[in-house]
Amino acid sequence: MTGAVTNTSSSMPSTQGVSVEVGKQEAIISLNIIVEYGAQIPAVVQALRKNISSKIQTLTGLSVKAINVEISDVHFPDEEQQEKPELQ
């Protein structure tokens, strides 16, 4: 599952694509992600939900009411080669 979620631009802020609503005892997290072509999307989403929920509960003590995941794009490995002109 490593590398299944990608950030195609290193200039993007690390919080882009993440929204959190926090109440007194619970949180709702919304994610907008890009996945690598060929990744098993249900498995990626399940792993994200499990890991994020666990970390939020451990670090803050808040209960996670929901983790909404939106797949905004699929990244194809050869797209980077086409987007970047070769230097000669």
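## Strand pairing

Two strands pair if DSSP finds at least two bridges between them. Strands here are DSSP E runs of at least two residues, helices are H or I runs of at least four, and both are numbered from the N terminus. β2 and β3 form a hairpin, with three residues between them. The two strands run antiparallel and are joined by five bridges.

## Basis of the model

This is a predicted model, in which local features need pLDDT of at least 70 and side-chain atom pairs count only at pLDDT 80 or more, while totals for chains, interfaces and linings use all residues. Residues are numbered from 1 along each chain as its sequence is written, and side-chain values use heavy atoms, leaving out hydrogens and water.

## Nonpolar core

A nonpolar core is a set of buried Ala, Val, Leu, Ile, Met, Phe, Trp, Tyr and Cys residues joined through side-chain atoms within 4.5 Å. Buried means under 20% relative accessible area, exposed means over 50%, and partly exposed lies in between (1.4 Å probe, protein chains only).

The largest core holds 10 residues: I29, L31, I33, V35, V44, V45, L48, V64, I67 and V69. β3 gives the largest share, four residues. In soluble globular proteins, nonpolar side chains tend to be buried together.

## Surface patch

V18, V20 and V22 form a nonpolar surface patch with about 250 Å² of accessible area together. Such a patch takes residues with over 30% relative accessible area and no salt bridge; nonpolar side chains (Val, Leu, Ile, Met, Phe, Trp, Tyr) are joined within 5 Å, like charges within 9 Å. Areas come from the Shrake-Rupley method with a 1.4 Å probe; for residues, only the protein chains shown count as cover. V22 sits in β2 (residues 18-22). V22 counts as exposed because its relative accessibility is 56%.

## Salt bridge

A salt bridge puts a side-chain nitrogen of Lys or Arg within 4 Å of a carboxyl oxygen of Asp or Glu. The count is one. K65 bridges to E26, with the closest N and O atoms 3.9 Å apart. The pair links distant parts of the chain: K65 lies in β4 and E26 in β3, 39 residues apart. K65 is exposed at 57% relative accessible area; E26 is partly exposed at 35%.

## A buried histidine

H75 belongs to β4 (residues 63-75). Its relative accessible area is 5%, so H75 is buried. The H75 side chain makes a polar contact of 3.2 Å with the side chain of E36. A polar contact is a pair of N or O atoms within 3.5 Å; within protein, one must be able to donate a hydrogen and the other to accept it, and residues adjacent in sequence count only if both atoms are side-chain atoms.
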